[in-house]
Amino acid sequence: MKTLAYLAGATALAASFAAPAFAQSETSAGANAVGITQVNEDMRDIERDVRDDFARSEDAYRFGNPDQRQGTFGSVALSYTGSTGNSENQDFNLSGRLSHNQGQFSQSVGILLEYGDNNAGNKDTEKTYVIYEGMYNFNDKFYAFALGRLATDALAGDPISLSSGETFSSLDGRLKRDAYFGVGPGYRIINNDTTAWRVQAAVGIRYTKAVVATEDPLDPLTGTIDYNSDTDVGYLLSSRFYHRINEQFFVTNDTDYLTSDANDTITNELGLNFKMTEAFATRVSYKTEYVSDRSIRTDNTLGVSLVYGF
């Protein structure tokens, strides 16, 4: 319990400050016409992004199987916006998650649907995502897990999805289908009051269906479309590291490596988390993503999130 108390105190930085800092949500009559509502929505977007950045430091399974709701439960969320007049567009999103926990075993299935039309009234988004996560804890150190993901893009290879300035050749390599399912073991190497480090490895099947776009040499906006499907074994290695320097400062480092014949993907995120005062917390993160088959293989992202409540 002492260990879990340390973790809760460190990784719940956002929860400590989010309530007072993010409580301003009232909108006055007339706010729509004068633009206050739009500003409020933009503020909420920033607040949500800050919450998400802090949440990336949390790992409920860092020290073992946490106390969690038992049985079967879930949620569904839907959003739709559509406009006419100066522009004709609409966006539809549907997400749902079903979870089941029983003793040492937990699993969940999630689905996300995205559909959208651009200002010209043409379909520009039609994507589906399905995810699965399962874990069985044998003890506080050793566990087995399974995870899967399916992503489909109905418009991959469709020239109508090209945005302004793109050429037909930019369709090449886009994934119409991308799926992975793997199983494997996990082990908590270090598990004490100040440091936690767990690693896991999985072997699974990776399936991709990629667009092969051949541009017309006479017209960069036209050409021919074909598809290349590939099924092979994919290997996944992951590491989750946490170290508490003191009551005000802890460090996290999350690493994932997925390799298959399709490509190699590596992500690493270093997070520095500060609880400066009882009302002031900061998180600085540096994320690196490497994908072997991109023209520019590495992307680096620096993130700074701050919460001040009063």
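Strands β11 and β12 form a hairpin, with 6 residues between them. In this predicted model, the two strands run antiparallel and are joined by 11 bridges. Strand β12 covers residues 298-308, and within it Val307 is the bridge partner of Ala281.

Strand β11, which spans residues 280-291, also pairs with β10 in the antiparallel sense, here over 12 bridges. A hairpin of 2 residues leads from β10 to β11.

Of its 310 residues, 31% count as buried. Among the contacts with a separation of 6 or more, 54% are accounted for by residues 24 or more positions apart. The accessible surface of the chain comes to about 17,600 Å², and carbon and sulfur atoms hold 56% of that area.

From strand β10 the reader may turn to the aromatic rings. The structure holds 6 aromatic pairs. One of them joins Phe249 and Phe274, whose rings are stacked, with 4.6 Å from centre to centre and 5° between the planes. Phe249 lies in strand β9 (residues 249-259) and Phe274 in strand β10 (residues 264-277), so this pair ties together parts of the chain that are 25 residues apart in sequence. Phe274 has a relative accessibility of 26% and therefore counts as partly exposed, since that class lies between the limits of 20% and 50%.

A further pair is made by Tyr242 and Phe250. Their ring centres are 5.3 Å apart and their planes stand at 40°, so the pair is tilted. Tyr242 and Phe250 are both buried. Elsewhere, Tyr136, Phe138 and Phe142 form one aromatic cluster. The ring of Tyr227 has a charged neighbour: the charged end of Lys209 sits over this ring, 5.0 Å from its centre.

The largest nonpolar core consists of 7 residues, namely Met135, Tyr143, Phe145, Tyr180, Ala202, Leu236 and Leu258. What does Leu236 touch, apart from residues up to four places away in sequence? Its contacts include the core members Tyr180, Ala202 and Leu258, and Leu236 also touches Leu147, Gln200, Ala201 and Tyr257. Apart from this core lies another, of 5 residues, with Ala156, Phe168, Leu171 and Val211 among them.

Is Thr208 buried or exposed? Its relative accessibility is 6%, and Thr208 therefore counts as buried, the limit for that class being 20%. When neighbours within four places in sequence are left aside, Thr208 is in contact with Leu175, Arg177 and Asp178, with Asn228, Ser229 and Asp230, and with Ala262.

Notes
Residues are numbered from 1 along each chain as its sequence is written. This is a predicted model: local features need pLDDT of at least 70, side-chain atom pairs count only at pLDDT 80 or more; totals for chains, interfaces and linings use all residues. Side-chain values use heavy atoms; hydrogens and water are left out. Buried means under 20% relative accessible area, exposed over 50%, partly exposed in between (1.4 Å probe, protein chains only). Contact means heavy atoms within 4.5 Å. Accessible areas come from the Shrake-Rupley method with a 1.4 Å probe; for residues, only the protein chains shown count as cover. Rings of Phe, Tyr and Trp (its six-membered ring) pair if their centres lie within 6.5 Å; planes under 30 degrees apart count as stacked, over 60 as edge-to-face and the rest as tilted. Helices (H or I, at least four residues) and strands (E, at least two) are DSSP runs, numbered from the N terminus. A charge sits over a ring if NZ of Lys or CZ of Arg is within 6 Å of the ring centre and within 35 degrees of the ring normal. A nonpolar core is a set of buried Ala, Val, Leu, Ile, Met, Phe, Trp, Tyr and Cys residues joined through side-chain atoms within 4.5 Å. Two strands pair if DSSP finds at least two bridges between them.
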